[in-house]
Amino acid sequence: YGDHRDLHLSIRRQRQMCIRDRFLGDVVGIAGCSKLMNNLLNEIKSKKIDFVIVNGENAAAQGVGLTKEICNDFFNCGVDVITTGNHVWDQKEIMEFIDKEEKLLRPKNLFEPAPGKGFNIYETKDNIKIGVLNLMGNVFMKKCDDVFEASEKFMKQHKLKQDYDLLVVDFHGEITSEKNAIGHFFDGNASLVVGTHTHIPTNDARILNGGTAYQTDAGMCGDYNSVIGMNTENSLNRFLKKNSIKHFPAIGDATLCGVIVDCNVETGLANNIESYISGGQLKNT
């Protein structure tokens, strides 16, 4: 389920392996964490989900970063992999934890050396190998290595159906054109490319010409009666340059946003993708 931005990927088996990528976008604060942890296990059981990816970079109570305790809570409620973005180091304790925890990723194109990994391969109980790649955009984001150069290098070193059965790319970026371009860049070489970071779900879920499922932004798992997950009144005061304090998350009923993707394990590409929105302020159309 996503990152303050969000990402939730789940995979289930029908006739073929299916990615139900409730790429529930960035999980934001207590509201997003509570909604995720109270619903995910039931969803896994009812929908026969095999694999779950969540962007957790806004999951801390302050709305930025995440902690070891939150990571373990997510793993205990069924999350298989946590991705992050520009707020990955906002809770300093994570820098030590990420070096030890294989299921927690940071953007691969961060300036090196950096703690942790930006890519890893995971194996489901059905022996399906799933590669998860975490990238961050360059436009209006914290400085990092050129994401297209990093992506080109990655694809020269790693191949779909050779190194892994499926590949999911979490692209943490600010602008839609950069996300669109990365989607096309990976088309035919990834099962799913999904954007995180803006916290607003885009209505463009589709399969690209080469067979890669794509959505520009998964949205967030958080309270949408807010300004991208943050308290509305305080956010408005900051825009109006009135009395305000540091941003803090809204605490109302959260919505889980993401995508559901069915993938063909034989090809590693997508058969179907649809947006997923559940609970809270937003309605799934």
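At 18% relative accessibility, Lys35 counts as buried (buried is under 20% relative accessible area, exposed over 50%, partly exposed in between, with a 1.4 Å probe and protein chains only). Select Asp253 next: the side chains of Asp253 and Lys35 form a salt bridge, with 3.1 Å from N to O. A salt bridge here is a side-chain nitrogen of Lys or Arg within 4 Å of a carboxyl oxygen of Asp or Glu. The two residues are 218 apart, Lys35 in helix H1 (residues 29-46) and Asp253 in the loop between helix H6 (232-239) and strand S11 (256-264). Helices (H or I, at least four residues) and strands (E, at least two) are DSSP runs numbered from the N terminus. Asp253 is partly exposed, at 48%.

This is a predicted model, in which local features need pLDDT of at least 70 and side-chain atom pairs count only at pLDDT 80 or more, while totals for chains, interfaces and linings use all residues. Residues are numbered from 1 along each chain as its sequence is written, and side-chain values use heavy atoms, with hydrogens and water left out.

**The sheet**

Now colour the strands. Six of them form an open, mixed sheet in the order S5-S6-S7-S8-S10-S9; two strands pair if DSSP finds at least two bridges between them. Strand S5 (119-123) and S9 stand at the edges with a single partner strand each, so one side of each has no neighbour in the sheet. S8 and strand S10 (residues 213-215) run parallel and are joined by three bridges. To find one of these, select Leu192, whose bridge partner in S10 is Ala213.

Helix H5 (residues 176-186) touches S6, S7, S8, S9 and S10, and its direction makes about 165° with that of S8. Helix H4 (residues 147-157) lies across S5, strand S6 (129-136) and strand S7 (166-172), at about 160° to S6. Contact means heavy atoms within 4.5 Å; axes are lines fitted to C-alpha atoms, for helices over the stretch in contact, and angles run from 0 to 180 degrees between N-to-C directions.

**The cores**

Which residues have the most contacts inside the largest nonpolar core? They are Val27, Cys71, Phe74, Val79, Ile82 and Leu104, in a core of 34 residues. H1, helix H2 (68-76), helix H3 (94-100) and S11 each supply at least two of its residues. A nonpolar core is a set of buried Ala, Val, Leu, Ile, Met, Phe, Trp, Tyr and Cys residues joined through side-chain atoms within 4.5 Å. Centre on Cys71, which touches Leu66, Ile82, Ile94, Phe97 and Leu104, leaving aside residues up to four places away in sequence. A second, separate core has 21 residues, including Ile128, Val132, Val168 and Ala270.

**Single residues**

Go to Pro113, in the loop between H3 and S5.

Lys161 sits in the loop between H4 and S7. Lys161 has a positive phi of about 75° although it is not a glycine, and its side chain meets that of Asp165 in a salt bridge (3.0 Å, N to O).

Finish in the loop between S8 and S9, where His197 lies. His197 also has a positive phi, about 110°, and is buried at 8%.
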